[in-house]
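Me: I have a structure open and want to learn how to read it feature by feature. Where do we begin?

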Amino acid sequence: MGEGSGGALFVGRQRERRLLERALDSARSAATGSALALRGEAGIGKTALLDWAAARAEERGFTVLRAAGHESETGVAFGALTQVLGPLWPDAGDGTAGGLADVLHGGQREALEKVLGLSAGLPPDGFMVGASALALLAALARGRPVLVLVDDLHWVDSSSAAVLAFVGQRICGLRAVLVCTGRPGASAWEGWSGHPVDIGALSGEDSRALLRHWHPGLAGSTVDRVTAEAAGNPLALAELPGQLAHEQRSGVVPLPDQLPLGQRLEALFVRRLEALGPHARELLLRAALDSAGAAGAAGGFVRGPHGAGSGAERLLARVEASGLARLDDTGRLVFRHPLVRSAVIASASENEKRLAHSELAARMRGNDPRRLLHEASAAEGPDEPLAVRLQEAGTHMSLCGGDAEAALLLDRAAALSARPDDRVRRLTWAAVMSARGGRLAYAARLVDALREERVPPDIAPLFAYAVVYVDQSHHIDFASTFELLPGALAALRDAGPRPAGTGAAPRDGAVAGGVRAPHDLVEQMVFKLLLASVYTGDPRGWEALELHRDHLSPAARLCLRAWADPPRTAHGAQGELRGLVARASACGETGNAWLLLWAATAVDGGDADLWRLFSGEHAYATQGSVAKARCHQAFLEGRWETAGDALAAAETAAELGYHCNALLFRHYHAHFLAGRGDERGLRAVRAGIDRTAEQSRMRYVTEHLDRLEALVALAHGRHEEAYARLRRTMPPGGPAELPHGPSWFHVTLFDFVVASVRTGRRAAALAQVAAGRAARMDEISAHHAFLLAAATALTASGVSDTDDAAADAAYAAACAVPDAGRWVFDLARLRLEHGSRLRRRGRAAEAGEPLRAALRAFEELDAAPWADRCQAELRTAAGAPAKASPAATGSPRSAPPAASDRSATTTAAPAGLTDRELRIARLVATGLTNKEVGAELGLSPRTVAAHLYRIFPKLGITSRAALARALREH
């Protein structure tokens with residue numbers, strides 16, 4: 001990527017620019033002149049390269065002369081040569097090069113004056129004109145180097161082309177460069193010295209960069225489609241987005257099957273198409289439309305009345321001779337460029353396209369899905385039977401996970417509907433499927449349009465669901481949830497008998513008005529109502545859910561009790577979740593899967609078995625929910641290297657119109673920042689989402705952010721601040737009472753106990769632990785059990801050796817909780833607190849093991865403030881007198897550190913290296929690789945590399961080879 005003329009962005013073409021640079025440098029240094037021929041398709045960027053070369057040459061003091069061929073002037077002798085030489089002639093240009101003509105002898109001057117039309121008579125033969133032009137350029141080049149640029153050589157008159165070829169063959173002795181551009185196959189290249197340089201298509205990466213520069217507001221899906229259609233042609237990249245409506249460019253409305261080309265692109269091909277005749281164009285049109293119907297195909301099979309016989313052969317020969325398309329080895333007609341196919345379709349009339357679609361449909365098997373699409377495109381007006389078939393195909397596609405594609409079929413079905421009510425029903429389903437399939441902005445547009453229509457009563461519950469879906473996910477507005485969904489659920493419940501706990505919708509299909517409703521429509525509504533209730537805490541949602549509890553499926557009931565009031569309602573939730581997941585199918589109903597996913601988030605229970613349920617789901621609505629659950633679980637389980645995934649997911653969500661998801665992904669990213677003690681990063685995230693979350697009354701986000709502020713304070717050892725923040729979040733009963741509602745109460749409990757113990761408020765810590773025990777918090781999930789055990793261990797310490805024994809036993813019990821090692825960050829924090837207690841109690845030797853284990857974990861997590869605290873504790877412990885082991889108490893003791901660990905903690909580290917850095921430096925200095933050092937110290941190679949990145953500047957070196965000497969000198 002670089003700059004073109006005038007500082008404009010120039011993308012790609014590194015090879016061509018290097019050739020031009022070398023040619024200019026050589027001419028400027030008087031080494032040699034050169035002639036270059038650049039050959040490429042229309043719109044490929046030949047003129048842009050000439051502009052770039054002209055700008056470079058002018059910066060270096062060249063005289064730049066330009067000409068361009070024009071189709072209308074191909075019969076004007078020496079027209080292009082006049083453009084080149086005219087400015088150099090005193091009487092023909094502006095006089096800036098006056099006097100140059102005087103260097104020519106009489107015959108040369110006379111020849112050029114006749115070429116330029118300055119004197120009467122016919123020009124002499126081409127050799128004399130060529131020699132005269134060469135002499136004139138030589139005279140000019142003696143003063144300053146010359147660059148001659150000729151664009152579109154294929155349209156340059158033959159007389160000028162011959163002179164330019166003559167000059168190009170003899171230019172090497174001049175301080176001059178001649179660059180010509182043209183299209184492949186042009187006769188103008190005859191006589192040209194050297195093989196032309198072919199300019200190919202831009203790469204996908206360069207195409208996207210250029211597209212983003214020219215059209216910065218394009219949605220990602222539009223960028224992908226335009227990039228594919230343009231196939232690396234810069235003119236197409238510039239023109240195609242300009243033919244789209246604003247809503248199409250921004251991704252709100254789906255793009256049409258064929259992108260409109262615009263006049264400039266059409267002009268490249270239309271004349272060539274017209275020259276082929278109507279039968280050849282008909283053949284190309286069928287091939288083009290067949291290509292559009294076959295996903296991913298580059299061309300269509302030759303079919304129809306012209307598909308066999310000598311007549312067909314003549315047509316195919318004519319088409320291939322035109323260079324627009326060719327037959328491949330399979331007999332498929334392949335277009336030379338996607339733009340040709342688009343031009344074929346764009347130049348056809350609507351009636352011609354309908355006839356072609358009809359012919360294609362008639363030649364396809366009845367079960368071929370493309371046949372249905374061709375029939376729909378061939379329809380001239382309402383066609384209810386066809387609309388029903390499209391509707392059935394869309395419903396089937398939706399059940400297979402293709403909601404986005406199904407929405408388009410329902411949209412087409414709506415357009416063909418004979419009755420207004422059926423049209424509204426199908427559009428309502430199109431809105432729901434669009435929302436689930438990743439086209440939320442389009443769903444919002446459909447919903448807005450449907451608000452102006454009469455909604456039939458039988459579709460009203462589904463319409464309510466569509467409105468709520470759009471309001472929640474797109475507008476981050478939960479008001480309609482509590483206004484519409486309770487009534488919609490009641491309508492579905494009253495519509496017919498429903499076996500309790502089955503999750504089956506009443507009278508399958510009745511609510512859809514002819515479009516079969518999914519069995520789990522109720523579950524999906526319950527899920528949306530539950531989301532809004534959790535996010536806002538609005539009691540109307542909880543009341544409605546309780547009212548319908550007996551009519552919910554097992555997954556919905558589990559999800560309800562996991563979120564409603566976890567300390568009091570979520571006991572046994574993780575065990576029940578595992579049972580439901582084990583019995584669920586990977587291709588099961590969407591609503592049921594969503595509910596299991598959300599229940600898992602409440603109890604920190606996401607695992608491989610749960611992710612398996614979504615292996616076949618490709619709709620964004622589902623994959624976005626999975627991504628949020630994975631972010632949550634990745635933070636808990638110490639996979640912090642994935643933190644960037646949350647930001648990438650936020651950008652994707654925002655681009656697709658899922659603004660609530662975008663906010664939530666940033667909220668999950670804030671967890672990683674807070675865990676690492678990144679105050680500035682957390683403030684930035686909060687500044688970006690706080691206002692929206694507050695306006696939407698999303699307590700789920702704002703209260704989480706408050707807790708994360710306390711976590712940052714803990715990371716930096718500001719325990720009083722952390723205590724004050726956490727105390728403000730507690731119910732009126734204080735530490736002796738657990739809060740109502742928040743699912744993360746167990747995490748807050750542990751944080752509060754740490755802050756209380758560190759600030760000397762042991763009574764508050766004990767009260768909080770007692771409340772957790774009374775609530776049987778350990779029966780909710782493995783994470784709850786571990787955090788309660790960890791908090792218990794922190795409050796077990798006293799002043800006597802007996803208290804020490806109790807604290808050691810409590811610490812050992814916490815580490816022995818099943819899956820304790822799964823919670824990497826929380827376990828590391830417990831080890832830090834335990835090691836710090838041992839060190840404060842004078843048991844420095846025993847403190848080393850938990851502190852070093854915590855340090856390793858924090859370094860792996862890149863949690864620098866926590867790692868610094870571990871290192872400070874280790875340094876303090878290294879200089880502290882050891883306390884005699886109280887054998888009488890029988891308290892367990894950790895084994896003394898290994899010799900290598902003792903040396904690491906007792907040897908002064910040079911140049912400010914930490915103990916860990918010194919050990920790594922010494923091992924690397926012996927010649928070990930990062931992998932070998934990591935195996936020795938229990939670290940990953942990436943962590944070793946990160947340490948070396950910090951070690952080198954501290955020692956004033958830049959390589960591993962210098963480590964040994966640097967350590968000796970320090």
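Reply: With salt bridges. This is a predicted model, and it holds 51 salt bridges.

Me: Which residue forms a salt bridge with glutamate 384, and how far apart are the closest N and O atoms?

Reply: Look for a Lys or Arg side-chain nitrogen within 4 Å of a carboxyl oxygen of Asp or Glu. Here the partner of glutamate 384 is arginine 426, with the closest N and O atoms 2.8 Å apart. Then check where the two residues sit. Glutamate 384 is in helix 17 (residues 384–399) and arginine 426 in helix 19 (residues 420–436), 42 residues apart, so the pair links distant parts of the chain.

Me: Is glutamate 384 buried or exposed? And arginine 426?

Reply: Buried means under 20% relative accessible area. Glutamate 384 has 15% relative accessibility, so it counts as buried. Arginine 426 has 3%, so it is buried too.

Me: What does aspartate 421 pair with?

Reply: Aspartate 421 forms a salt bridge with arginine 454, with 3.1 Å between the closest N and O atoms. This pair also links distant parts of the chain. Aspartate 421 belongs to helix 19, while arginine 454 lies in the loop between helix 20 (440–450) and helix 21 (460–473), 33 residues apart. Accessibility gives another view of the pair. Aspartate 421 is partly exposed at 28%. Arginine 454 is exposed at 52%, because the cut-off for exposed is over 50%.

Me: Where do arginine 697 and aspartate 538 lie?

Reply: Both are in loops. Arginine 697 sits between helix 33 (679–695) and helix 34 (699–715), and aspartate 538 between helix 23 and helix 24 (539–547). Arginine 697 counts as partly exposed at 43%, whereas aspartate 538 is buried at 8%.

Me: Which residues do salt bridges with shared partners join into one network?

Reply: Glu384, Arg419, Asp422, Arg425, Arg426 and Asp458.

Me: Next, the nonpolar core. How many residues has the largest one, and which have the most contacts inside it?

Reply: Core members are buried nonpolar residues joined through side-chain atoms. The largest core here has 178 residues. Those with the most contacts inside it are Tyr535, Trp563, Trp598, Met698, Tyr700 and Phe858. Helix 23 (residues 521–536) gives the largest share, 11 residues.

Me: What is tyrosine 535 in contact with?

Reply: Set aside neighbours within four places in sequence. Tyrosine 535 then contacts Phe478, Trp598, Lys628, Cys660, Leu664, Arg697, Met698, Arg699 and Tyr700.

Me: Now helix packing. What describes two packed helices?

Reply: The angle between their axes and the distance between the axes. Take helix 44 (residues 915–925) and helix 46: the angle is about 95° and the axes are 10 Å apart. They are therefore roughly perpendicular. Helix 44 contributes Arg916, Glu917, Ile920, Ala921 and Val924 to the contact. Helix 46 contributes Val944, His947, Leu948, Arg950, Ile951 and Lys954. By class, that makes six nonpolar, one polar and four charged residues.

Me: At what angle does helix 45 pack on helix 46?

Reply: About 105°, with the axes of helix 45 (residues 930–937) and helix 46 8 Å apart. This pair is roughly perpendicular as well. Asn930, Lys931, Val933 and Gly934 meet Pro941, Val944, Ala945 and Leu948. The classes are five nonpolar, two polar and one charged.

Me: How many residues of helix 44 are buried?

Reply: Nine of the 11, so helix 44 is largely enclosed by the rest of the structure. Among them are Asp915, Leu918, Arg919 and Leu923. Just after this helix, glycine 927 takes a positive phi of about 105°.

Me: Last, where does alanine 962 lie?

Reply: In the loop between helix 46 (941–955) and helix 47 (963–969). Alanine 962 is partly exposed, at 25%. Its C-alpha atom is 8.1 Å from that of alanine 925, 37 residues apart along the chain.

Key
Residues numbered from 1 in each chain as written. Predicted model: local features only at pLDDT ≥ 70, side-chain atom pairs only at ≥ 80, totals over all residues. Heavy atoms only, no water. Helix = DSSP H or I, 4+ residues; strand = E, 2+ residues; numbered from the N terminus. Buried < 20%, exposed > 50% of the residue type's maximum accessible area, 1.4 Å probe, protein only. Axes fitted to C-alpha atoms, helices over the stretch in contact; angles between N-to-C directions. Parallel < 35°, antiparallel > 145°, perpendicular 65-115°, else oblique. Contact = heavy atoms within 4.5 Å. Nonpolar A, V, L, I, M, F, W, Y, C, P; charged D, E, K, R; others polar. Core = buried A, V, L, I, M, F, W, Y, C linked by side-chain atoms within 4.5 Å.
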